[in-house]
Amino acid sequence: MKKLLATTALAAVALSGVSFAEIKVSGSIEQTITSTSFDKAADEVSGGTTIGSEVNLGISGSKTLDNGMVVSSAFRLENNGAAKAPNVDQKSLKITNGNFAVELGIDTGDNITGNVVANVGQQAEDMSFGADKWGADSLSASDTHDLEHIGLSYNTSGGKFTVNYSPDSSASQATNSHVETGKSSTEFVFNGSLGVPGLAVKVGRQTTESVISTAGDVKEDVIGAMYKYGKFAVAYTDRSQDDDTVATEKDNVKSYSVSYNVADNVSVAYERMETSTIGQANDEEIDHFGISYNMGGLGIEAYFAQISNIAGDSTRDADTMQLRTVFAY
């Protein structure tokens with residue numbers, strides 16, 4: 001009888017949520033055509049043209065509770081061409097009380113991933129080809145926010161402080177029987193303007209424990225800032241990753257970028273990325289150009305990137321071009 005009563009109560013709560021929560025549906029369809037060529041003769045077979053796509057469908061809802069707190073939830077289905085059926089790529093359950101919030105989910109909340117960059121859409125690493133990972137994509141630490149995690153955040157007038165914690169960085173397990181493997185991951189991040197109009201700052205550190213107690217933890221740091229003035233925007237980001245026990249596994253990525261709004265719906269951008277790794281004689285260098293045209297719901301973007309010394313190899317260079325369209329609703 002108690003179990004029946006509990007089930008009935010849960011059903012009542014669910015029906016109440018459907019009746020009174022504000023439900024929103026959103027989505028997007030992204031198409032890309034990417035062409036890459038390598039200067040090294042042995043890599044020519046790896047070059048070519050690819051057509052890619054990504055489909056997203058998101059559902060979100062929110063409700064103000066009797067005590068004044070706000071509970072919100074969301075999930076996103078994604079099919080990026082690799083999977084035969086859409087999967088839940090992002091999910092969130094969040095409770096907000098004033099400036100403080102607690103959130104449980106996957107791929108949600110503020111995080112240290114990504115450069116602070118003045119660009120028109122894609123970054124250079126988004127055009128990495130096959131097994132090659134260039135730019136900031138070479139940083140290999142697991143991202144806390146991409147895993148099943150709990151996040152705590154606090155908003156101030158100058159920005160938002162966030163802490164994310166995942167007990168297991170080896171997998172995203174949406175299950176009640178989550179198993180601890182000793183690879184926890186913790187992320188601290190600040191995002192905000194510091195009260196300065198036009199300024200955006202990101203500072204953060206992520207620490208991922210090694211599965212072996214005698215091995216060093218992997219630390220990833222980011223500090224970046226962007227300033228917008230009129231039609232111009234300039235940005236700089238410094239990212240680094242360090243494994244305490246392996247001398248060659250330390251990467252540093254610097255990004256310099258500038259963008260200009262040619263018109264209300266047309267923007268151009270340039271980004272320079274430099275990646276250095278201990279044990280490699282040559283720095284990887286990327287020059288990335290972009291232009292975007294916003295048609296009000298449909299975005300069209302074109303990119304060109306020159307990559308020199310891929311992964312520090314002075315004999316490997318590449319040129320890549322991409323045409324990208326995004327329709328959002």
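Which side chain of opposite charge is nearest to glutamate 187, and how far away is it? Keep that in mind as you open the viewer.

**Before you start**

This is a predicted model, in which local features need pLDDT of at least 70, side-chain atom pairs count only at pLDDT 80 or more, and totals for chains, interfaces and linings use all residues. Residues are numbered from 1 along each chain as its sequence is written, and side-chain values use heavy atoms, with hydrogens and water left out.

**Stop 1: glutamate 187**

Select glutamate 187. You will find this residue in strand 8. Strands here are DSSP runs of E with at least two residues, numbered from the N terminus. Glutamate 187 is buried but has no salt bridge. Its nearest side chain of opposite charge is arginine 239, 7.7 Å away.

Buried means under 20% relative accessible area, exposed means over 50%, and partly exposed lies in between (1.4 Å probe, protein chains only). A salt bridge is a side-chain nitrogen of Lys or Arg within 4 Å of a carboxyl oxygen of Asp or Glu. For charge, Lys and Arg count as positive and Asp and Glu as negative, while His and the chain ends are not counted.

Now select isoleucine 112. Its backbone nitrogen lies 3.0 Å from a polar atom of the glutamate 187 side chain. Next, show the contacts of glutamate 187 (contact means heavy atoms within 4.5 Å). Leaving aside neighbours within four places in sequence, the contacts include Asp110, Thr144, His145, Asn164 and Arg205.

**Stop 2: arginine 239 and glutamate 220**

Select arginine 239. What is its salt-bridge partner? The partner is glutamate 220, with the closest N and O atoms 2.7 Å apart. The pair links distant parts of the chain: arginine 239 is in strand 11 (residues 232–243) and glutamate 220 is in strand 10, 19 residues apart. Arginine 239 counts as buried, at 4% relative accessibility. Glutamate 220 counts as buried too, at 3%.

**Stop 3**

Two strands pair if DSSP finds at least two bridges between them. Strands 9 and 10 run antiparallel, joined by 10 bridges. Find threonine 207, which stands opposite lysine 219 in strand 10. Strands 10 and 11 also run antiparallel, with 12 bridges joining them. Here lysine 228 stands opposite alanine 233 in strand 11.

Follow strand 10 into its hairpin with strand 11. There are 2 residues between the strands, and glycine 230 takes a positive phi near 60° in this hairpin.

**Stop 4**

How many salt bridges does the rule give? The count comes to 12.

Select arginine 76 and aspartate 89. They form a salt bridge, with the closest N and O atoms 2.3 Å apart. Arginine 76 lies in strand 3 (residues 70–79) and aspartate 89 in strand 4 (residues 87–97), so the pair ties together parts that are 13 residues apart in sequence. Arginine 76 is partly exposed, with a relative accessible area of 25%.

Move to aspartate 221 and arginine 205. Their side chains meet in a salt bridge of 2.6 Å, N to O. Aspartate 221 is partly exposed, at 23% relative accessible area. Arginine 205 is partly exposed as well, at 36%.

Then select Arg272, Glu274, Glu285 and Asp287. A network of salt bridges links them.

**Stop 5: two loops**

Most residues other than glycine have a negative phi. Now check leucine 194. Its phi is positive, near 60°. Leucine 194 lies in the loop between strand 8 (185–192) and strand 9. At 55% relative accessibility, leucine 194 counts as exposed.

Serine 193 is in the loop between strand 8 and strand 9. Serine 193 is partly exposed, with a relative accessible area of 23%. Leaving aside neighbours within four places in sequence, serine 193 is in contact with Gly158 and Leu199. Select methionine 226 as well: serine 193 and methionine 226 are 33 residues apart in sequence and 9.4 Å apart in space, C-alpha to C-alpha.

Notes
Helices (H or I, at least four residues) and strands (E, at least two) are DSSP runs, numbered from the N terminus. A polar contact is a pair of N or O atoms within 3.5 Å; within protein, one must be able to donate a hydrogen and the other to accept it, and residues adjacent in sequence count only if both atoms are side-chain atoms.
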